[in-house]
Each structure stands twice: as C-alpha cells, then as structure tokens.
Amino acid sequence: MSDLLHLEVSPLGDRSISRSISKEFLDAFKSKHPGAVIVTRDLDLEAIPHLDGETINAGYTPEIDRSPSAHAKHNFRISLVNEVNEAKNILISTPMWNFTVPSVLKAWIDQIIVPGATKVSGPVTIIISQGGSYAEGAPRAGWDWQTGYLKQVFTSLGATDIEIILSEFGLAGVVPAMADFVEHKSASIAAAKKAAQVRAAA
Ligand SMILES: Cc1cc2nc3c(=O)[nH]c(=O)nc-3n(C[C@H](O)[C@H](O)[C@H](O)COP(=O)(O)O)c2cc1C
C-alpha cells in the first residue's frame, strides 16, 4: 500500500517543465502527509518493457505451463498492476510528445491495464507540459490526443477524481518562431505550479 504512486516521464532532468511542476505537488504532499509512503517510477531512469506476446499469452496460460521467462514477465506485470491498485493517490508527470504521450508512458499504460484486475479508487493528478497550445481558438485546437486520452485511461480503470494540470507554450524561448509566447509560458507554468500545490494539499 502506498500513499502516492508517482510516475515521471520527461528525460530532460532539471530542465524539465513537467518535473518542476510535479516537484511542487510532491513538496506540498509531503508537508500535508509527513511520513507518506511514496512509490516513484521514473520511466526515464528505468523504462518499462513494451508489452510483448510472451507476456500477453502468459495471462492466458496456467502458471504451471508458463516458461520461466513468461512467468517472470507476467509477475512483473502483475506487480505493476498491484502498485496501481494499492495506491491511495496517483501522480503522473509527463511532457506531450507528437500530440500524445511519450512511448515510455504508453508502455506503462499497456502493462497496467489488465481488464478485471486493475482498479483505481483514489484521486489521480496528471501534470502535462506541452510545447504549444491546443486551447480552443488556437491554430492547432483539436490536435491534443494526450489530455483526453489520459483521462480516458484512468476513467476506464474506475477513477472518478481526475485532475489535469496543464502547462502550455513550453517551447517558447526555445523555438525562435514562438518568441512572442514567452510571457504566456511563464504565466502558464506559474499557474500550473500553484494548481499542483493546491491539489496536493487538498
Ligand atoms: C520528441 C518531442 C516531441 C514533441 N512533440 C510535441 C508536440 O507534439 N506538441 C507540443 O506541443 N510539444 C511537443 N514537444 C515539446 C514538449 O512537449 C515541451 O517542450 C514540453 O515542455 C516538454 O516537457 P518537459 O520539459 O517536462 O520534458 C515535443 C518535444 C519533444 C522532445
């Protein structure tokens, strides 16, 4: 049982916007719950293997008939499912890559969704950093296949309290064409950090 299951995705370390926002959440969470048991999965440091045929078939094969390799892969998958089921709170911190989630996060999602076995009952907080903006009226409104997707994933697992904390314009100041949006970027990050603190202290 953990008080918080915490997933990090960005490979950008100290330069990562999503990590800087999740840090605000974690600091506030730890002050509110001293001694909290936090399980961290940093998918940049330790990637989750893609779901392969051996793992899928192991789920349909009696334990006694599984090869040692299939047995190990199956057990690892079930340990990931248990981490989700046993978490009182879940925090996901991720960038947007190519209009959706980075593949390391998708690999985790494919491993943990086992119909009938995975169940999320506590609050889920999803921190997302996007390079641009997909808000209504933006040129690329409707191109965001990440926010709704992640919400759908956790809804399908039973979560009813899901909050998305979004920061936009992460590429402003990095990509010359987005120079006009530097102030929007700072404001968006500041608002996301505040929202993360409030959510963690709730
Ligand atoms: C491989 C890659 C793909 C990206 N694709 C998108 C994208 O489709 N849309 C977008 O708005 N930003 C995109 N970005 C920009 C990141 O979402 C943005 O820089 C974000 O702030 C990164 O979060 P991080 O600093 O926590 O890693 C991409 C960045 C990388 C490295």
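A: **The ligand and its pocket**

Start with Gly-132: a polar backbone atom of Gly-132 is 2.9 Å from an oxygen atom of the ligand, a polar contact being a pair of N or O atoms within 3.5 Å. Overall, the protein covers 79% of the 640 Å² of accessible area that the ligand has on its own (Shrake-Rupley method, 1.4 Å probe). Bear in mind that this is a predicted model, where local features need pLDDT of at least 70, side-chain atom pairs count only at pLDDT 80 or more, and totals for chains, interfaces and linings use all residues. Residues are numbered from 1 along each chain as its sequence is written, and side-chain values use heavy atoms, with hydrogens and water left out.

Back at the ligand, Ile-17 has a backbone N or O atom 2.8 Å from a ligand oxygen, and Phe-99 has a backbone N or O atom 2.8 Å from a ligand oxygen too. There are 17 residues around the ligand, with Ser-10, Ser-18, Met-96, Ser-129 and Tyr-134 coming nearest (a heavy atom within 4 Å). By class, that shell has 8 nonpolar, 9 polar and no charged residues.

As for where the ligand sits, that's the largest pocket (more than half of the ligand's atoms lie within 2 Å of its grid points). The pocket's volume is about 710 Å³. Its lining has 28 residues, and Gln-130, Gly-131, Gly-132, Gly-170 and Leu-171 lie nearest the centre. A pocket here is an open set of points on a 1 Å grid over the protein atoms alone, where a 1.4 Å probe fits, with protein on both sides within 12 Å along at least five of seven lines; lining residues have an atom within 4 Å of a point. The lining divides into 15 nonpolar, 10 polar and 3 charged residues.

Key
Polar contact = N/O pair within 3.5 Å; in protein donor to acceptor, adjacent residues only side chain to side chain. Nonpolar A, V, L, I, M, F, W, Y, C, P; charged D, E, K, R; others polar. Points joined across faces, edges and corners; volume = space filled by probe spheres on them.
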